[in-house]
Each structure stands twice: as structure tokens, then as C-alpha cells.
Amino acid sequence: MRQVSVDIGGTFTDCFLVYDDAYVEAKALTTHHNLASGFMEALAQACTQIELDVQTVLSTVDAVRYATTLGTNALIERTGPAVGIITTAGFEWSVPLMRARGYGDGLTEAAQVDLPGADRPVPLVPVTRIAGVQERIDYAGTVVLPVDEDDVRRQVRRLVDQGAQAFVVALTNAVVNPAHEKEVERIVLDEYPTHLLGAIPIVLSHRVSGRKGEYTRTMSSVIDAYLHDQMYHGLGSLEVELRRNGYTKPMLLVHNSGGMAQLNSTSSLQTIHSGPVAGLEATNYLSGTYNQPNIIATDMGGTSFDIGLVTSDGVKFYDFNPVIDRWLVSTPMTYLHTLGAGGGSIARYDRLWDAIEVGPASAGSDPGPACYGRGGRLPTTTDANLVLGYLDADNYAGGTIKLSLRRAQRAIEEHISKPSGLSLIEAAKAIKRKVDTNMAAAIFKEVAVKGYNPKNFVALSYGGGGPLHACGYANELGIQNVLVPPFSSVFSALGAGNMNQLHIHEHSLYLMIYDATTRQMLGDYRVFNENVAELAAKGRDDLLRQGADPADIRSRVEVDMRYGNQLAQIGVVCPFEQLTSNRDVIELLDLFSNLYAHRYGEGSQAPEAGVRINVIRVVSYVDHEKFDLQPTHADAQPAPSPTRWRECYYPGIDGAVKTAVYDVSGLEEGHVVEGPALVETPRTTYLAEPGWQLTVGRTGSAVLTKAI
């Protein structure tokens with residue numbers, strides 16, 4: 001196996017290279033002005049480690065897999081094109097009204113408490129670029145009013161005069177019957193053919209989202225159109241760079257649904273948050289190989305802290321209506337909770353509450369934390385870790401970034417110590433304590449809300465800053481074991497390398513499979529089976545278009561089920577692809593009931609309200625070869641003498657604590673390090689706080705265990 005996997009984060013670009021038997025990790029600072037620069041720098045570092053040049057590697061690898069933040073950056077910077085919306089006449093205000101909840105979407109919990117004081121986001125599409133056209137399809141898909149072609153042409157020309165550079169066509173009930181959206185597309189292409197310089201990109205809402213909900217479906221399409229230009233040019237330049245260096249195969253992009261696809265089969269919306277999702281997919285794989293059925297995945301990078309769950313019941317958690325930036329959208333996205341608690345998160349003193357706050361604002365990679373010496377003047381989590389003694393100023397990121405202790409001290413003293421009255425060390429401790437507490441609170445909420453107990457889980461800590469803070473948030477949660485995976489600092493990039501080509505297609509419907517009023521089960525299976533067949537055909541076509549062997553294509557059917565009109569909805573993986581008998585219906589009902597009881601407690605089921613399917617989803621995929629992540633089997637043995645000692649400071653302990661410092665190259669599988677201790681690797685640092693011990697595993701993995 002030979003492949004390159006790259007994950008671009010807000011601060012670092014991570015690279016994981018598999019080349020025959022060599023597994024190599026590398027990191028470089030993210031170059032936001034041109035992501036290809038950071039990409040190639042990280043790849044060059046990896047190639048150097050196996051003593052090959054970039055051209056040799058790229059000309060012989062099987063695939064380049066890429067998780068990108070291009071779309072996120074375009075939204076933050078508002079650099080997308082002018083988008084025009086064509087909708088059904090009378091529905092022009094669906095987007096501006098934002099379901100009346102637009103004031104709160106995307107804000108912090110604290111800001112959502114004060115919605116009257118919140119500001120609406122600046123709209124991506126102003127009202128002047130929203131046009132209503134004469135047409136109407138009802139809820140059942142019946143044409144009530146045909147498309148008025150002359151009216152469409154007038155509205156299209158008006159939008160172009162208003163400066164529209166891309167069109168979103170979002171007509172009412174288009175997911176039930178897309179005929180009118182296709183007709184509008186035909187008219188627009190007749191006015192502005194694709195072979196002319198005046199051609200305008202067109203996004204049809206039913207192709208972006210198969211769920212009902214006019215606002216969310218339209219916003220999904222708007223964001224997709226808004227990011228199209230950046231994705232096209234940004235990824236186009238990267239593809240040119242790869243071609244220039246000898247790579248001739250299609251580039252594979254990671255999707256936020258948990259799979260990947262070629263560029264020609266990827267919409268812009270599918271790449272949002274794709275990096276963290278790759279890390280969660282790697283967690284799924286590791287759960288099986290390490291025999292750890294319940295894992296809390298925690299990814300602490302330079303900008304954010306991402307939380308995901310892998311459970312023994314096999315439930316895949318999706319966020320079907322995620323908030324992207326400040327907009328509610330409708331797209332199946334692997335569920336992750338993101339917290340502004342990374343190494344670059346900026347600390348500040350809140351005078352009103354006399355408290356230290358950290359995040360969500362981040363120093364990113366440019367200028368970065370104050371200790372980077374790149375112009376940053378505000379204190380960050382990394383600055384606090386340096387002051388507390390956890391980081392080696394001369395050996396950070398493998399020695400590629402020299403840290404300035406004095407700059408870190410100055411930033412904390414000026415912005416935290418002086419206004420709060422805390423000493424330098426106490427201020428740095430307060431920053432670490434706040435970061436750890438924020439992460440623990442977010443983890444507890446995410447696990448408990450889904451009906452689980454955090455104490456029954458093992459925490460998986462990865463990302464560049466994860467192993468440095470793992471003991472801190474585990475202490476808060478009462479978690480006894482923390483697993484640091486192999487290649488932890490680039491684990492999300494590793495996850496991209498182990499993903500399958502995959503597409504998800506779904507369709508909203510209202511299908512009662514048990515009617516409590518008549519006490520009858522579903523007897524007509526035609527609607528269910530036709531929907532599954534249609535969605536499976538779409539997924540199959542997607543994969544065939546990318547050159548997949550028809551014999552390799554697999555699929556699974558998932559349904560979202562609920563009791564009556566309850567809001568609690570559970571995704572159920574069907575054990576079959578077609579309903580053929582009452583036995584199948586009973587099996588599905590039992591499966592749903594058992595999952596519901598497991599999640600919310602036995603006795604919480606409510607069959608007296610009836611059971612219905614709201615969404616049918618078909619996941620089509622091709623299994624790809626995966627590399628091994630083997631757990632350690634070596635017997636435990638005491639570690640050798642530490643490389644050196646360092647004075648470190650810990651929250652809750654007065655004064656400096658003499659801390660052992662180990663170089664990972666001097667440790668072997670099975671070695672046990674008693675805390676307090678630091679284990680330094682070229683790309684991250686493991687911290688075993690007082691009362692913890694660290695057992696070294698294979699390929700950079702480790703287990704942190706709290707002493708009983």
C-alpha cells in the first residue's frame with residue numbers, strides 16, 4: 001500500500017504517508033493564503049524521512065486523500081461569489097426570516113441566552129437577489145401550476161443585472177417532485193449556456209438535500225453555491241501542483257458524512273469539517289482492533305477541540321440539521337461537537353465575572369501564540385503550557401518552531417496577571433484549569449445527552465495538544481483510562497487514509513409502519529422498497545462514475561424512526577434492503593424498540609403513539625484496503641531512567657514539582673512511566689500528571705491510567 005493523506009487544520013497541516021512498510025507522520029504550519037504550500041511542505045517532510053523525493057513518491061502512490069478547510073475559510077472571510085436565489089413566488093422571505101431562529105444559530109450558549117441582544121448574521125444573499133417565479137407543486141408532488149417560462153427568463157435576467165454570479169434554484173416541495181427545478185435549470189442554461197464565458201453555475205436544491213424543510217434545504221444549496229468558486233479554484237490549484245510533481249490519479253476528498261469521493265463527485269458542502277470526521281472514522285476502526293467498544297474521541301488541535309462517540313451498540317451519530325457558521329442546513333453529517341479549546345485558543349480576563357476565559361477565538365497559525373514569535377501578542381493555551389514547564393522551547397514540533405518563553409510570560413502578565421492580580425504561574429495554571437474544565441463539561445454534556453455515562457467509556461486523546469491535556473479533563477470526568485492512539489498528532493490524517501469511498505442519499509417521507517389507531521402494521525411495502533431502490537441506484541451511479549468495480553459496491557439501508565410525533569428520533573440500520581413480509585416489519589419494530597430502550601431506558605418506549613419512518617437513507621460504499629493499527633501485547637516493565645528532569649507546575653499543587661522527562665526514542669513497548677512525567681515525541685508531548693502512569697504502546701501509542 002502506498003498513499004498520502006493530508007488533513008488541513010486551522011493551525012497545522014498534518015500529513016500521514018504510507019509507503020510499503022513505512023508509516024510516516026509530518027506537520028507543517030497551515031498556509032491560509034495558499035493551502036497547497038502547507039500541503040507540499042508537510043509532504044516534503046514526510047518524504048525526507050523515507051529518503052525519497054516528492055516527485056518519486058507522488059508518481060508511485062496509489063492515492064492522495066485530502067481533508068480540507070477551504071470551505072470554512074471562505075465562509076469566515078465572506079469571499080464567495082454573489083449568489084441569486086430562484087424560489088416559488090410567495091416564498092421569497094423564507095431565507096431572510098430564517099425560521100425566526102437565525103438570531104441564535106451558531107452563537108455560544110451564553111450568547112443564546114440573550115437573543116434580544118444578539119445580532120443577525122450578515123446574509124449571504126440579500127433580499128434584492130431573491131426572485132420568485134410562477135410555479136407550484138403540492139406536498140404530494142402534484143403539479144398545481146406549471147412553470148411560466150417567460151416569467152423565469154425575466155427573473156433570471158433581473159438577478160444577473162443585480163450581479164448574481166451563481167444561481168440557487170429552491171422551489172417548494174422539490175424533494176417530492178423535482179421536475180420544476182429541472183425545468184428552471186433548462187431555461188437558465190438556455191439563457192447562459194455552459195460553453196459561453198457568461199455561463200453561471202446552477203445549484204438545484206433537491207440534488208443537495210433530499211429532506212423536506214424549505215429554509216434548511218435552501219440554505220444548504222446557498223452555502224454549496226457560495227463555496228463552489230473557492231473549492232473549484234483552490235482544489236484546482238492543488239491538483240495542478242500534484243500533477244506538476246508526478247501525481248496522475250484522481251485526488252480523493254474526505255466527506256463530512258464519513259466517506260470520501262473524487263473531486264468530480266464532491267459538493268462543496270460535503271467538505272465542511274471533513275478533517276475532524278476523518279479522525280472519528282479512524283476511532284471507529286481503532287475501536288475494533290483495540291477491542292474498546294465504548295470510546296469518547298477527543299481531538300485537540302491548534303484551533304479547536306472536537307468530540308465524537310463510538311459505542312458498543314454500533315449507533316452512528318449523524319447531525320441532520322447542523323449549523324454551519326450561522327446558518328442551519330440540511331445535510332447528513334457525522335455528528336461532532338466542536339469547542340474553541342485548542343493550543344491557539346486565546347485566554348482573557350473577564351472583569352465582570354472576575355474569571356479567566358479561554359476561547360473560542362484562536363490565534364491560528366498566523367500570527368499564532370505569543371511564544372511563536374510571529375507577531376502574536378495575546379496569551380494562548382500553548383503559552384500557558386510553556387510557562388508551566390510542559391513544553392521544551394527548543395524542541396517544539398520536532399525543533400521546527402523555536403518557542404520564546406519570555407514572549408509567553410509577557411503576554412500572560414500583561415493580559416491576565418495585571419488585571420486579575422494573579423502571579424504569572426497562578427495565571428498560567430488558571431488558563432490550563434479553565435481549558436480542561438471546558439473540555440470536561442463539553443464531553444459530559446455530549447455523552448450524557450445521548451443517554452450514556454462517561455465513566456463507562458475510554459477517552460481517546462489525539463491531535464497535537466490532546467495528550468498534554470488528557471489527564472486534566474479525565475480527572476474532571478472521573479475517567480480512569482485514556483488511550484493515546486498510534487500517530488496521535490496526525491490521527492485525523494491517518495483516518496483519511498483508512499476511509500472508504502462512500503455516498504449517502506436520503507429522502508424524506510411519512511410512513512407509518514405501526515398505526516396505533518387501527519393497530520395495524522404496514523402492509524404495503526411498495527413506497528419503502530421504491531425509495532430504497534431509487535436511492536441505491538443514485539449511490540451506485542456515483543461510484544460507477546468514479547471507476548468503481550460494480551462487484552465491489554456495497555450498500556446499507558438506514559431509517560430514522562420515532563414514536564408518533566415525538567421529537568426523539570433514532571437512526572436504525574436495517575438488517576435488510578427490502579421489506580418482503582410482516583416478519584421484516586416486526587424485526588424492524590423490535591430493533592427500534594430495543595435501541596430506544598437502550599438509549600432512554602427500559603419502559604420509555606411509546607408504541608401506543610404509533611411508529612413511523614421519517615427518512616430513508618441508503619449508504620453506498622466501496623471497501624478500501626486498510627493498514628493495521630495493532631494494540632500492544634508486551635508485558636509491563638519499569639521504564640529506564642529519564643532523559644532529564646524539569647520543574648513543572650500543576651493546578652491544585654503549590655510550588656514546582658520535579659517532573660521526569662523522557663524522549664520517546666528511549667522507551668520501548670511495555671515500558672511504564674510513573675507520573676508526574678513528560679514523554680516528548682517529535683510532534684507532540686504526553687503528560688502524565690501526578691497520580692497517573694503511562695504505559696508505552698506500539699508506534700507512538702500509550703495508555704494513561706489513574707492510580708487507584
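Author: Start with the word cavity: a set of grid points where a 1.4 Å probe fits but cannot get out. Its volume is the space filled by probe spheres set on the points. The model is a predicted one. By that rule it has two cavities of 30 Å³ or more.

Reader: What makes a residue part of the lining of the largest cavity, and which elements supply at least two?

Author: A lining residue has an atom within 4 Å of a point. Strand 5 (83–88), helix 4 (94–97) and helix 9 (214–244) each supply at least two. The lining includes Ile85, Phe91, Ser94 and Glu214. By class, it divides into five nonpolar, three polar and two charged residues.

Reader: Why is Ser488 called buried?

Author: Buried means under 20% relative accessible area. Ser488 has 2%, so it counts as buried. Ser488 sits in the loop between strand 23 (481–484) and helix 15 (491–497). Beyond its neighbours within four places in sequence, its contacts are Ser461, Tyr462, Gly463, Pro467, Thr684 and Tyr686.

Reader: How do you know that Cys471 is in no disulfide?

Author: A disulfide needs two cysteine sulfur atoms within 2.5 Å. For Cys471, the nearest cysteine sulfur belongs to Cys648 and is 13 Å away. For Cys648, in turn, the nearest is that of Cys471.

Reader: Are Cys471 and Cys648 buried or exposed?

Author: The cut-off for buried is under 20%. Cys471 is at 1%, so it counts as buried. Cys648 is at 0%, so it is buried too.

How values were computed
Residues are numbered from 1 along each chain as its sequence is written. This is a predicted model: local features need pLDDT of at least 70, side-chain atom pairs count only at pLDDT 80 or more; totals for chains, interfaces and linings use all residues. Side-chain values use heavy atoms; hydrogens and water are left out. On a 1 Å grid over the protein atoms alone, a cavity is a set of points where a 1.4 Å probe fits but cannot get out, and a pocket is an open set with protein on both sides within 12 Å along at least five of seven lines; lining residues have an atom within 4 Å of a point. Helices (H or I, at least four residues) and strands (E, at least two) are DSSP runs, numbered from the N terminus. Ala, Val, Leu, Ile, Met, Phe, Trp, Tyr, Cys and Pro count as nonpolar, Asp, Glu, Lys and Arg as charged, and the others, Gly among them, as polar. Buried means under 20% relative accessible area, exposed over 50%, partly exposed in between (1.4 Å probe, protein chains only). Contact means heavy atoms within 4.5 Å.
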